[in-house]
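Colleague: I am new to this structure and would like to learn how to read it. Could we go through it feature by feature?

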Amino acid sequence: VFYSQILAEKAMAWLQGLAVRGSSSPPPRVLIGDPGRHFFLETKSASNNFRLVGEYELPSSLRDTNYGMVRTSVWELDFMGAAG
């Protein structure tokens, strides 16, 4: 969902809304897979609401279709940080 600045901003606003509405119960686990897209890195840096879950090497069959990226990361959104 972090393909462009507009989409990244809308996604984060929506996720932060979920965090606020779900503050009385355990929030859902939100995982975001990203191979290092500029808008995700920018969003992640600005919010500090993400925790690295793991890093994985892309299979060779996916490297060609992902502009030569060889690794991807999985991040978890920290709802407590997103809500506050």
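Colleague: Does Glu-76 count as buried or exposed, and at what relative accessibility?

Modeller: A word on the source comes before the answer: this is a predicted model, in which local features need pLDDT of at least 70 and side-chain atom pairs count only at pLDDT 80 or more, while totals for chains, interfaces and linings use all residues. Residues are numbered from 1 along each chain as its sequence is written, and side-chain values use heavy atoms, with hydrogens and water left out. Buried means under 20% relative accessible area, exposed over 50%, and partly exposed in between, with a 1.4 Å probe and protein chains only. Glu-76 has a relative accessibility of 16%, and therefore counts as buried.

Colleague: Where does Glu-76 lie, and which residues does Glu-76 touch?

Modeller: Helices (H or I, at least four residues) and strands (E, at least two) are DSSP runs numbered from the N terminus, and Glu-76 belongs to strand β3, residues 71-77. With contact taken as heavy atoms within 4.5 Å, and leaving aside residues up to four places away in sequence, Glu-76 touches Arg-29, Val-30, Leu-31, Asn-49, Phe-50, Arg-51 and Val-53.

Colleague: With which residue does Glu-76 form a salt bridge?

Modeller: Side chains of opposite charge can pair when their charged atoms come close. The rule asks for a side-chain nitrogen of Lys or Arg within 4 Å of a carboxyl oxygen of Asp or Glu, and by it the count comes to one salt bridge. Glu-76 pairs in this way with Arg-51, their closest N and O atoms being 2.4 Å apart. Because Glu-76 is in strand β3 and Arg-51 in strand β2 (residues 50-57), the pair ties together parts that are 25 residues apart in sequence. Arg-51, at 45% relative accessibility, counts as partly exposed.

Colleague: What pattern does the chain follow along the sequence?

Modeller: The chain has four helices and three strands, and read along the sequence they follow the pattern α-β-α-β-α-β-α. Of its 84 residues, 31% count as buried. Among contacts between residues at least 6 apart in sequence, 59% join residues at least 24 apart.

Colleague: How much accessible surface does the chain have?

Modeller: Accessible areas come from the Shrake-Rupley method with a 1.4 Å probe, and for residues only the protein chains shown count as cover. The accessible surface of the chain comes to about 5600 Å², of which 57% belongs to carbon and sulfur atoms. As for a residue on that surface, Val-1 lies in the segment before α1 (5-21) and is exposed, with a relative accessible area of 54%.
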